[in-house]
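Hi everyone, thanks for coming. Let me put the structure up on the screen, and then I'll walk you through it.

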Amino acid sequence: MIKYNPADFDIVKHIALTFPGTEESVSHEGTPSIKVRGKLMCRLHDNGEFIPIRLDFPIRDQYLESHPEIFHLPEHFKGYPYLCMWLNVQDVKLIQEVLEQSWRGLASKSQIKEYENSQT
């Protein structure tokens, strides 16, 4: 039986939705997710234990090395551009940083420009 609490995704969802062009969606097994231009950015895994976040392989590997207590990579994710973050992460700045990296990999050039202009 699949057990997950959608509220476990709330902090990630609220941060992710601050980036231009992000939208709430429903993913595997009805779990909450965020997409950019129709592509999956992140979601609550259906086992309820972690959040896969889409990242290019070199960036993913940097986070795995620098924060092994926060990020992991289950065997079935190794061939895919995803980083898995445990649910108990409280470091909002780090979550923001990782989600921004993910978003930048999926956003259009105009969305990135819009975001950068809003940050100055």
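Let's start with a pair of strands: β2 and strand β3 (residues 39-43) run antiparallel and are joined by four bridges. Strands here are DSSP runs of E with at least two residues, helices are runs of H or I with at least four, and both are numbered from the N terminus. Two strands count as paired if DSSP finds at least two bridges between them.

Before going on, this is a predicted model, where local features need pLDDT of at least 70, side-chain atom pairs count only at pLDDT 80 or more, and totals for chains, interfaces and linings use all residues. Residues are numbered from 1 along each chain as its sequence is written, and side-chain values use heavy atoms, leaving out hydrogens and water.

Back to our pair: Ser-33 has Arg-43 in β3 as its bridge partner. The two strands make a hairpin with two residues between them, and Arg-37 in that turn has a positive phi of about 50°.

On β2's other pairing, strand β1 (residues 22-26) is antiparallel to β2, with five bridges. There, Thr-22 sits opposite Val-36. This hairpin has five residues between its strands, and Glu-29 in the turn shows a positive phi of about 55°.

Finally, Leu-99: setting aside residues up to four places away in sequence, its contacts include Met-41, Cys-42 and Ile-53, where contact means heavy atoms within 4.5 Å.
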